[in-house]
Amino acid sequence: MKKIIYSIVTLSLLVFSCSNDDDAFTQPEPLGAYENGILVSAEGGPSSISYISNDFSVTENQVYFNVNNENLGVYLQSIGFNGDKAYVVVDAGTITVVNRYTFEKLGTIDTGLTLPRYIAFNGTTAYVSDWADPYDATDDYIAVVDLTSNSVISTIAVAEGPEQVLVNEDKVYVSHKGGYSVNNVISVINTLDSSLETITVNDSPDELFIDNQGHLTVLSSGANQYWLTPPVETLASITRIDLNDNSIISNIEFPEGQHPGLMTYNDGNTYYILNNGLYSLSDTETSLPTTTLFDITATSAYGMAVKSNLLYVTDAVDFSGNSILTVYDLSTGTETNSFDVGVIASKIYFN
Amino acid sequence: MKKTIGLLIAVCCSVVSFAQTQLDSVQYLDVIELSDIKLKQNAAGFKVTVLNDSVLSKNTSNFTDLLRFNSNIYFKENGYGMVSSPSFRGTNASQTAVIWNGININSQLNGQTDFNTINTNNINQVVIRNGGGSVQYGSGAIGGSVHLDNRLSFTQHLKNDVKLNYGSFESKNFSLITDYGQDKFAFNLGVNYIDSDNDYKYLDSDKINENGAFNNLSLNVNLGYFISEKDVIKLYHQSFIGEREFSGTTATPSKSKYEDENSRSMLEWVSTHQNYKSNFKVAYLKEYFEFYQNKNSEFFTFGQVNTFLAKHNFNYKLSKQVSVTSILDYNLFKGEGSSFGNPERSIFSATGLLQYNPSTNLNLGFNVRQDVTSDFSSPLLFSMDALIGITKFYKVKINGSKNYRIPTFNDLFWQPGGNLHLVPESSYQFDLGHVLDFNWLQLQLNTYYIKSQDLIQWKPNISGFWSPQNIAEAHSYGAEVELTISKKVNNHQFRFSSNYSYTVSENLETNKQLIYVPFHKANATLAYSFKRFSAHYQQLFNGDVFTTSDNLKGPFYSLQSYNVANLGVNYKLLQHFNHELELGLKVNNLFNKLYQNVAFRPMPNRNFNIQLHYKF
C-alpha cells in the first residue's frame with residue numbers, strides 16, 4: 001500500500017513538475033530586464049551603455065550605472081558576449097564582467113591589462129587585444145584570459161596597434177589598425193601552440209568577420225596622415241582571405257580620397273558607410289558598388305549594425321553630448337526610429 | 001591694509017589720483033621695481049585686481065586654490081594638485097594668458113599654463129587683469145590674463161622669510177626667501193619645495209586618491225644693478241622641477257606619471273630719462289615634460305619647447321597729456337617631441353600704444369598690434385580703453401578690443417591629427433566697469449560681452465583620428481562684482497572681500513552653455529586681526545556645470561554645485577625688533593564636503609595644515 005501511495009505521490013510530483021516545465025517552456029522566465037533588445041555602448045566620457053527593447057517600446061540609458069551604482073570608466077571601447085555574460089572593455093585597463101541580461105556586475109579583470117581594445121572567446125579562454133603604452137610601438141600584445149578565474153594567464157606579443165579580434169576554431173584573427181600610427185597586418189594566432197602568422201593587407205585594417213562563404217573579410221580604411229610632411233595617403237580596401245592557407249582571395253580597393261571607417265555584415269551582405277552613403281556588396285561580388293542603397297542623415301556617423309532588414313547607425317554629433325541612434329528600414333531607406341544614447345556611442349549589439 | 005587699497009587705486013587709476021609730480025616718482029619707482037609697467041600705465045580702462053603679499057601668504061596650498069578663493073576665475077582641476085586649467089569669463093584654458101614679469105609663458109604645446117606648476121611663494125604680487133589683452137600680452141589673452149610679478153626694491157634692507165608647513169596626507173612644504181637691497185643693487189632669492197602623498201579619502205566611498213602623489217622644487221633668483229644713474233640691468237630667473245603621479249578617476253585607476261621642468265631666464269636693461277624710457281629684454285624659456293603611461297616602466301613620451309625672445313619697449317612722453325609707446329617683439333620657438341616632430345615657429349610683432357590723459361578725470365588708451373608669424377597669418381589687433389572720473393568716488397571704465405589665440409604646436413603638428421591649415425582664433429569684446437571707492441569700501445561692477453570665432457576644436461575626422469578644426473563660434477557675457485570692505489576699530493581690524501560672477505558662455509550654433517562653465521561663482525574672505533592674533537574664513541560657491549554639451553542635468557551630464565570653506569588662525573609667538581615668529585593652523589574644506597570640479601575626480605576631504613613662519 002505504502003508503495004502505491006509513494007508511487008502515486010511520485011507520479012503526481014512528476015506530472016506536476018512536468019506541467020510546470022511545460023509552463024516554463026511556453027512562457028520562459030525573463031532572464032533579465034535587458035534581454036531581447038539592442039545594447040549601444042558609448043565611449044564617453046562618461047562612458048555608458050544604453051538599452052532599447054527589440055520592439056522599441058522600452059529604452060534605458062546608463063544601464064550599468066543604474067544596476068550597479070558605479071561607473072565603468074573611460075573610455076568604453078567594446079563589449080564581448082560569451083554565454084550569459086558580457087565583458088565590457090574599457091581603455092583605462094579594465095574589463096568588467098556582467099550578466100548580459102541583468103547587467104549585474106560579476107567581477108573585473110584588471111591586472112595584466114593596459115589599454116585593452118576588443119575581446120573574443122574560445123571556450124573558457126578569452127583573447128584581448130591590448131595596445132599597452134600607445135606611444136610605444138613594440139609592447140603591444142594579446143592577453144590570454146582564463147574566464148574561470150578572470151585573470152590574465154599569458155600574453156602573446158604582436159605587431160603595433162592590435163584592434164579587433166575574432167576566434168574561428170583554433171585560430172585567433174587580429175586586425176592591426178596600428179594604434180596612434182598605421183599598420184597593415186592581420187595576425188593569425190594558433191591557439192594550440194600560440195604560433196603566429198601575419199597576413200599583409202592595406203593600411204589600417206579594422207572591422208573583420210567571416211562571411212557566409214567561410215572567408216575572412218577585412219575592411220582597411222587606408223592611411224590618411226595629412227599631418228605629416230609630406231602627407232601620406234594610401235588606398236582603403238575590402239580584403240577577402242582564405243582561412244585554409246591565409247591567402248588573399250580578392251582585394252577590392254577604394255579610389256583615392258575614400259576612407260570608409262564603418263562596416264558591418266549581415267546574412268551574405270557586407271554593408272559600409274562612406275560620406276553618409278550606405279553601400280552593400282554580396283559575398284561573391286568582386287567590385288565595389290557604384291551606387292548607394294540610400295543616404296543616411298548624420299553629423300558624424302560613428303557606429304553601425306544591420307539586423308532583420310533594419311540598419312542601425314549611431315551619430316556622435318558634436319562628440320561632447322549625447323549621440324543619436326537612428327534606425328532605418330533597409331529596403332526603403334526610411335528612418336523608422338531614433339533614440340538618444342550615450343556620449344560618443346560607437347558599438348551596437350543585439351542581446 | 002590701507003597700503004593694499006592704495007596700491008589697488010594706484011593700479012586702477014594710475015594717473016588720476018596723483019598729481020603729476022608725484023606720479024612721475026611713482027612711475028619712476030615702478031619702472032625700476034617692476035618689469036611689467038604696461039600693467040599700470042596702459043590699463044586704465046580695465047579691471048585690474050592685485051593680490052599682494054598678505055593674500056598670498058594666507059594661501060598655504062597651491063596657486064589654483066589661491067585664485068579659486070580670491071578671484072572670478074573658475075578652475076577645472078583633475079583632482080587636487082593635478083592638471084589645473086582656468087576658465088576666465090567663460091573662455092577656455094588656452095584663452096587665459098599667464099604673464100611672468102611682462103612676458104607670456106603659456107605653453108607653446110597646448111597653449112595653456114597648468115596652474116599647479118606655478119608656485120606663488122616666490123612671487124611678490126599676482127595681478128589679475130580681466131578682459132582682452134592680446135595687444136600687449138599676445139596670444140591667449142582673451143578672457144583675461146594673470147600676471148606674476150617679482151619686485152626688486154632699491155632701498156637699504158635685508159629681509160629673510162622662512163616657512164615650514166606640515167599637513168594632512170603627509171604634505172610638506174619648505175620655503176625660504178631672502179631679499180636684499182641697497183641704493184644701487186637689489187637681490188632676492190626664493191627656494192620652495194613641496195611634497196605630498198595626496199592620498200586623501202574619497203568621501204562617501206571606501207576609495208582613496210591613489211596614484212596622486214606629487215613633489216616639486218622651485219627656485220627664483222632676481223638681481224638688479226644700476227650701471228648708471230639712469231640705467232639699471234636686471235636678471236630674472238625661475239625654475240620649476242615637478243614630478244606628479246596622475247591620479248585616476250573614481251571608476252578607473254591610473255598608473256601614469258608626469259615630470260616637468262620649466263625654466264625662465266630674462267635679462268632686462270631699463271633706461272629711464274626725463275621724457276622717455278627704454279626697456280630691452282632678452283629671455284630664454286624652456287618647457288620640458290616626460291609622460292609615463294606606466295610609472296613603473298622606462299618608456300615615456302616627451303615634449304619640449306625652447307623659446308628665445310627679444311622685446312624692446314620704448315615709451316616717449318610727448319607732453320603732460322600724451323605718451324606713446326612702441327613695442328617690438330621677436331620670438332623664436334623650437335619644439336621637439338615624441339608626438340609632433342621638430343617644429344619651429346617665429347613671431348615678430350609690432351605694437352603701438354597711445355596714452356592720452358587730457359584731464360585728471362579722463363584717461364584714454366589706443367593700442368594696435370600686428371604679428372607676422374611663420375605658420376599662418378594673424379589678424380590686426382587693437383584695443384581702446386577709457387577711464388572716466390565722474391565724481392571723487394565714482395569712476396567708469398570702458399574698453400573694447402580684438403584679441404586672438406594662435407594655434408599651438410599640438411594643434412598644428414600632433415601625430416596623429418594635427419592640422420596645418422588652422423588659423424588663429426579671434427575674438428571681439430567690450431567691457432563696461434564701474435568703480436565706487438570710499439576708502440573703507442571698494443565696489444567694482446563689470447559687465448562684458450565677448451564674441452569669439454574660428455575656435456579650434458578637436459573632433460574625429462573621417463579616418464577616426466581626433467583632429468582640430470576652426471569650427472566653433474561662441475559668445476560669452478556676464479557680470480562680475482567685487483567688493484572689499486576694511487574697517488579698523490581700536491586694535492581690531494576687519495577685512496571682507498568678495499567676488500561674484502555670473503557667466504553665460506554659449507556655442508552659437510546650438511545656443512547651449514559650454515561645458516565646464518558655471519553660471520554662478522562666488523567667493524568671500526573675512527579676515528580679522530587683533531594684536532598678535534589673526535584669523536580668516538574663506539568660502540567658495542561654485543554653481544552647477546554641464547559636463548556634456550546637451551545641457552542636461554544628472555550624474556552623467558552635470559556636476560552639482562558645491563560650497564567649500566577654509567578656516568585659518570595665526571598667532572605671533574614672537575614679535576621682537578626684526579624677528580617675528582608666527583604659528584598658523586589652517587583647515588581646508590572645513591565642513592568636509594564631497595565635491596568634484598572635474599567629473600569622477602573627487603577633491604580632498606577636510607584636511608589640516610600647520611605653518612611655522614619666521615621673518616627676520
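Student: What is the average pLDDT of chain A, and where is it below 50?

Tutor: In chain A, 92% of the residues score at least 70, and the average pLDDT is 91. One stretch has a pLDDT below 50, and beyond near neighbours in sequence this stretch has one contact in the model. Where pLDDT is low, the predicted coordinates should not be read in detail. The stretch in question is residues 8-25 of chain A.

Student: How many residues does the contact take from chain B, and which class has 16 of them?

Tutor: The contact between the chains takes 31 residues from chain A and 30 residues from chain B. On the chain B side, twelve residues are nonpolar and two are charged. The class with 16 residues is polar.

Student: Why is chain B as compact as a globular protein of that length?

Tutor: Chain B has seven helices and 34 strands. For its 616 residues the globule rule gives 25 Å. Chain B is as compact as a globular protein of that length because its radius of gyration is close to that value, at 23 Å.

Student: Is Asn342(B) buried or exposed?

Tutor: Asn342(B) lies in the loop between β16 (322-337) and β17 (344-359) of chain B. Asn342(B) has 9 C-beta neighbours inside 10 Å, so Asn342(B) counts as exposed.

Student: Which residues does Asn342(B) touch, not counting residues up to four places away in sequence?

Tutor: Tyr528(B), 186 residues apart from Asn342(B) along the chain, has its C-alpha atom 54 Å from that of Asn342(B). Beyond four places in sequence, the residues that Asn342(B) touches are Gly335(B) and Glu336(B).

Technical notes: Residues numbered from 1 in each chain as written. Chains lettered and ligands numbered in written order. Predicted model: local features only at pLDDT ≥ 70, side-chain atom pairs only at ≥ 80, totals over all residues. Contact = placed C-beta atoms within 7 Å. Nonpolar A, V, L, I, M, F, W, Y, C, P; charged D, E, K, R; others polar. pLDDT = per-residue confidence, 0-100. Helix = DSSP H or I, 4+ residues; strand = E, 2+ residues; numbered from the N terminus. Rg over C-alpha atoms; globule rule 2.2 N^0.38 Å. Buried ≥ 20, exposed ≤ 12 C-beta atoms within 10 Å, placed from the backbone.
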